[in-house]
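Here is a short briefing to keep beside the viewer. Have a look at the chain below, then walk through the notes topic by topic.

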Amino acid sequence: MPDTIVSHDVDLVKGYMARPMADGRYPGIVVIQEWWGLDEHIRDVTRRFARQGYIAIAPDLFHGDVVNEPSEAQKLAMGLDRARAVRDTRAAAAYIRDSEHSNGNVAVIGYCLGGGVSLLTATEDGVNATVVYYGGLPSPLDLLNTVNSPVLAVYGSDEAERANELESELNARGKSVQKHIYEGATHGFFNDSAGNYHADASTDAWDKTLAFLKANVPA
């Protein structure tokens, strides 16, 4: 069966893009990596969104570094310049909006390290929707004051406290937030190439993510 998307490396910062092959104008999504880097799992997730009708770009926040050992990933995450990362993700969103294939609507989604970056990207950026998979809260918390998009927050039960805090802080600021905590799932449960993968939670979270995007990022 022939594929229905095209994908390739892009030079905006550096990253990976996939979009529907058919002519048309599509909504976009910026896919923000885990602390492993722009690995094959994140490239696969980018293609999954393209097959759902999105122009999807995963910016390479580590600029070429991809690791598979937690100690190495921790070093990269600790050394990440968050301000530069946010500039990269916002550049990716702008790249999508400027594309001839774009309808102008863009969401951001981040996993692990990328979950926190997705929230920072949404501050004052004007994205249509923000999805956080087990991401940290920004510091200072007052950065949440300028999140102007609805937020979907997805966590395993090992991080229920963090999920509840994010929901509480967003609610206190009058922001729109949906929270889902998966009992028995842990940090990184969506990554089907890693040891914490939880199939049931991953499947349900994917369905909820697509429904959230469909409601908030018009095609």
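Setting aside neighbours within four places in sequence, threonine 123 touches Arg90, Leu143, Thr146 and Val147. Please keep in mind that this is a predicted model.

**Around threonine 123**

- You will find threonine 123 in the loop that links helix 4 (113-122) to strand 6 (129-133).
- Is threonine 123 buried or exposed? Threonine 123 has a relative accessible area of 10%, and because buried means under 20%, this residue counts as buried.

**Fold and overall dimensions**

- The chain holds 6 helices and 8 strands.
- Read from the N terminus, the order of elements is β-β-β-α-β-α-α-β-α-β-β-α-β-α.
- With a radius of gyration of 16 Å, close to the 17 Å that the globule rule gives for 219 residues, the chain is as compact as a globular protein of that length.
- If you are setting up a box of your own, the C-alpha atoms fill one of roughly 45 × 40 × 35 Å along the principal axes.

- Of the 219 residues in the chain, 52% are buried.
- Take the contacts between residues at least 6 apart in sequence: 66% of them join residues at least 24 apart.
- The chain has an accessible surface of about 9,600 Å², and carbon and sulfur atoms account for 46% of that area.

**Aromatic rings**

- A pair of aromatic rings is described by two quantities, the distance of the centres and the angle of the planes.
- How many aromatic pairs does the count come to? The total is 11 aromatic pairs.
- Elsewhere, one aromatic cluster brings together Phe49, Tyr54, Tyr111, Tyr133, Tyr134, Tyr182, Phe189, Phe190 and Trp206.

Definitions and conventions: Residues are numbered from 1 along each chain as its sequence is written. This is a predicted model: local features need pLDDT of at least 70, side-chain atom pairs count only at pLDDT 80 or more; totals for chains, interfaces and linings use all residues. Side-chain values use heavy atoms; hydrogens and water are left out. Helices (H or I, at least four residues) and strands (E, at least two) are DSSP runs, numbered from the N terminus. Buried means under 20% relative accessible area, exposed over 50%, partly exposed in between (1.4 Å probe, protein chains only). Contact means heavy atoms within 4.5 Å. The radius of gyration is taken over C-alpha atoms; the globule rule is 2.2 Å times the number of residues to the power 0.38. Accessible areas come from the Shrake-Rupley method with a 1.4 Å probe; for residues, only the protein chains shown count as cover. Rings of Phe, Tyr and Trp (its six-membered ring) pair if their centres lie within 6.5 Å; planes under 30 degrees apart count as stacked, over 60 as edge-to-face and the rest as tilted.
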